[in-house]
Amino acid sequence: MAALAILAAVPFWVSGTFYVNIASQILFYAILALGVNVLAGHAGLVTLGHAGLFGIAAYAAAKIMNAGYGHVTVATGALAVTLVAAAVFAVLALRGTGLGFVMITVALGQIVWGVAYRWISLTNGDNGISITGRPSPLGLSLTTPARFYWATLIVFVMAVISMAIFVASPFGASVRGTRDQPRRMNALGYHVWMIRFLAFLFSAFWSGVAGLLYLYYNQFVSPQAVALTASAEALLMVIAGGSATLLGPIAGAGLVVVIKNVASGYIERWNFVLGAIFVAIVVFMPEGLVPGAVRLARRVRGR
Amino acid sequence: MSALAVRGLEKRFGGLRVTADVSLGVEAGERRLIIGPNGAGKTTLFNLITGELRPDGGSVTLFDRDITGVPSRRRTHLGIARTYQIITLFQGETLLRNITLSLLGLSRLRWNPFVRLAKRDGLVDQARATLARVGLDHLAERPLAQTSYGERRRAEIAMALAQNPRILLLDEPFAGLSIDERRDVLRLVNEIPRDVTIVMIEHDMDVALDFAERITVLHFGKVVVEGTRAEVVAHPRTKEIYLGE
Amino acid sequence: MSLWVVLAVNSVTLGGLLFLLSAGFSLIFGLMKIPNLTHGSFFMLGAYFATSLIARGFNFWAAAVVGGLLVAAFGGVIERFILRRLPGAELAQVLVTLGLSFMVADVCLMVWTGDPIRIDTPAGLRGATSMLGMGFPTYRLAISLIAVIFAAALWALLDRTRLGAMIRAGVDDPAMARVVGIRVSRLFTIVFCLGAWLAGFAGVIGGPILSVYPGLDQEMLPLALVVVILGGSGSLLGSLVGSFVVGFLYNFGQAMFPELAYVVLFLPMLIVLVVRPQGLFGRPAL
């Protein structure tokens, strides 16, 4: 709770549009990471295809907007499309367990990428789709970085609250139960498949919201957004930050976005760094950075 | 009244007939013991009864209702609960939370994504009461990882009791316990009221015989001896199977 | 030559290449339960290595074998020093192999630059061969033949040798295999290196047709995934059948529905997943 309050207070100290933009990015990627964490962390279902859902939301929104509809329609339409896609993904991916699940999500993510890249009449291929304008809730324009940041912050807080409620709820406990002892959960009367399916949809919803924010932020979406690297980065955010806490994915998103934006100023080979970070974290800090840092801090304090 | 009836149950793995034409009937309130050497198919029989395995033939009837086609999670709602030979509790949770999860399994609440689970007093109190039944309420807030093996075995039983089953299937509840611990668990089991029918698998005869009213002996997937405790103990085949091994 | 025949020949060729690529992936996944997301990188790396070797005067086939060996060595290092530290940790293995694939991709970009590099068809296999009154590109026929030879060799390895028996035992029941005394860790390294060699070798012999370019790894990996999902992991026959199915789907799909090429490819995979999740020839999950 305290950590949340601190994060919320940060915007007051930010100066310079570059950093405000970074902060906005951290926020909506954090929403994506929280969404991925529902599946990877709480349900124990590692996913490497979530950029697909993120991207579907962005592309759907772009197309609906360019067809001339208002922002409310855009948002609801895009999220509806995302949920339908997620339902299909979930039914297919849940045919496998553990490893099978991961592989199927990779394949599904690649299909979305393939459509984005090749089905040019639908997605404009590599050229991507541009939009103009951001929503103006209550008549307030969001074109300035600061305004956009505030709006994103509000959505972010809603996402965090939603996650907190989910985690503390009976349904959240059910989801974690299916991660730890699926066989026992079944014997206790739980519908394991349905629990996982619903967790998938919940995860997809927030990933879709993040995709919407991404579109509004960039005013543009291209196949880059749905590449395997994008899904990998989302997973890295969860792994890096640690999946057991609420703060973990948020911190992970912060870390990845900062490194990506700052490092790419100095290092040309961002992919190499990304890969190396993956390997390093996996080998040295398997529970993630947040728990790992806590562990380190304890050792330093001599407990 | 018949609590559980199994007729002509068959299960094959590859070419192996793990369960071979097994039929048995357990009366309501009965204390039935199933014994047999390793590989006799005892746990497989339990898995067939709970529905975790689908039989290749035969039927399972619960209080005169055919449940052969009913999925295992629904059988729990019909009153079957079981414990496992290998402890399958939720490692990262407290004892209280473990039992709460068990209680939740039968409640509509398990789908609720809005309320706070920890604040559901009714559920929490019930969980504590169940822990008290097995003598573990003083450890309610203890994480499972910090409990002893004996305490976990009792927690396993608590998980099953929490669901107020009509039939309780205990799979080797005494495995790995010390003599004192076994006596404790036996007392616990004997204290369970007669509205619960109990079927127990055990490998170790000492403590289990105390519990049993009727015994079924399995060997190579078949029922070879069945009867009251006295009958089975005296039966020449029983001696053959256990001493000849 | 009619379009269909051309497509058919190309499909068989692609199928052959895919078989070499995915047989290794399937074995690694079937035996070690490791989803080796670096496998696409192995393919690309083999091809890149070969371009350098050929530039130094190696002949094509030597470059193919040696390129494969270099990749196998790299694979061995990965297995021995990284993957072996993560037994059973699926998430970790996925991440590590993915991370390594990113690193390899960038290193290749640094060393060989971003321009596609063509590997010349080996002398002696250029031009066309006449069969059944039609001319077929000789090299493509050669690839198909090579794939068949390797399929037979792998089958013989799995079916006739002690090593093969150990591999099959490990795929069927790893716990039991350990109990029986099979040196599982050494077996794993051997299988991983073998899979890596096959992928690298495939990358080289695919070179004259596909060329080498950044992104080749990301293109080949999903194809291998589809093959293994279709055919079932751990099954050689599954890899073979799956490879040719994918080869045909990819080529005919590209030709007939260019915008939907990926969909045509993954749709059967999805159908198989729904109808028979363990793949056409895989083991049913317990």
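**Entry 1: B:Leu89**

I looked up B:Leu89 and found it in the loop between β6 (80–82) and α3 (95–104) of chain B. I take helices (H or I, at least four residues) and strands (E, at least two) as DSSP runs, numbered from the N terminus. This is a predicted model, where local features need pLDDT of at least 70, side-chain atom pairs count only at pLDDT 80 or more, and totals for chains, interfaces and linings use all residues. Residues are numbered from 1 along each chain as its sequence is written, while chains are lettered from A and ligands numbered from 1 in the order in which they are written.

Is B:Leu89 buried or exposed? B:Leu89 counts as buried because it has 23 C-beta neighbours inside 10 Å. I use these cut-offs: a residue is buried if 20 or more other C-beta atoms lie within 10 Å of its own, exposed if 12 or fewer, and partly exposed in between, with C-beta atoms placed from the backbone.

Next I listed what B:Leu89 touches. Leaving out residues up to four places away in sequence, I found B:Asn98, B:Leu144, B:Arg152, B:Ala155 and B:Glu156. Two residues are in contact if their C-beta atoms, placed from the backbone, lie within 7 Å. I also checked B:Arg182, 93 residues from B:Leu89 along the chain; their C-alpha atoms are separated by 20 Å.

**Entry 2: confidence in chain B**

I checked pLDDT, the predictor's confidence in each residue, from 0 to 100. Chain B has a mean pLDDT of 90, and 99% of its residues reach 70 or more. Which element of chain B has the lowest mean pLDDT? It is helix α9 (residues 236–243) of chain B, at 79, while strand β7 (residues 167–171) of chain B has the highest, at 95.

**Entry 3: which chains touch**

I then went through the chain pairs. Chain B and chain C are joined by no contact, and their closest C-alpha atoms lie 10 Å apart.

For chains C and A, the contact takes 35 residues from chain C and 36 residues from chain A. α4 (90–112), α9 (216–231) and α11 (261–275) of chain C each supply at least two residues of the chain C side. α4(C) gives the largest share, 15 residues. I sorted the chain C side into 28 nonpolar, 2 polar and 5 charged residues.

**Entry 4: α1 and α5 of chain C**

I looked at helix α1 (residues 3–32) of chain C and helix α5 (residues 138–160) of chain C. Their axes come within 8 Å and cross at roughly 35°. Axes are lines fitted to C-alpha atoms, for helices over the stretch in contact, and angles run from 0 to 180 degrees between N-to-C directions. The crossing of α1(C) and α5(C) is left-handed, meaning that the near helix is turned anticlockwise from the far one by less than a right angle.

Among the residues that meet here are C:Gly16 and C:Leu20 in α1(C) and C:Ala147 and C:Phe150 in α5(C). The contact divides into 12 nonpolar, 3 polar and 1 charged.

In α5(C), I found C:Tyr139, C:Arg140, C:Ile143, C:Ser144, C:Ala147 and C:Leu154 buried. The buried residues of α5(C) pack against α1, β2 (134–137), α8 (184–210) and α10 (236–256) of chain C.

**Entry 5: chain A**

I counted 14 helices and 2 strands in chain A. Of its 303 residues, 53% count as buried.

Helix α3 (residues 50–66) of chain A and helix α5 (residues 99–118) of chain A have axes that come within 8 Å and cross at roughly 35°. The contact includes A:Gly52 and A:Gly55 of α3(A) and A:Gly109 of α5(A). By class, it has 6 nonpolar, 3 polar and no charged residues.

How many of the 17 residues of α3(A) are buried? I found 16, and α3(A) is mostly covered. Just after α3(A), A:Gly68 takes a positive phi of about 105°.

Key:
Ala, Val, Leu, Ile, Met, Phe, Trp, Tyr, Cys and Pro count as nonpolar, Asp, Glu, Lys and Arg as charged, and the others, Gly among them, as polar.
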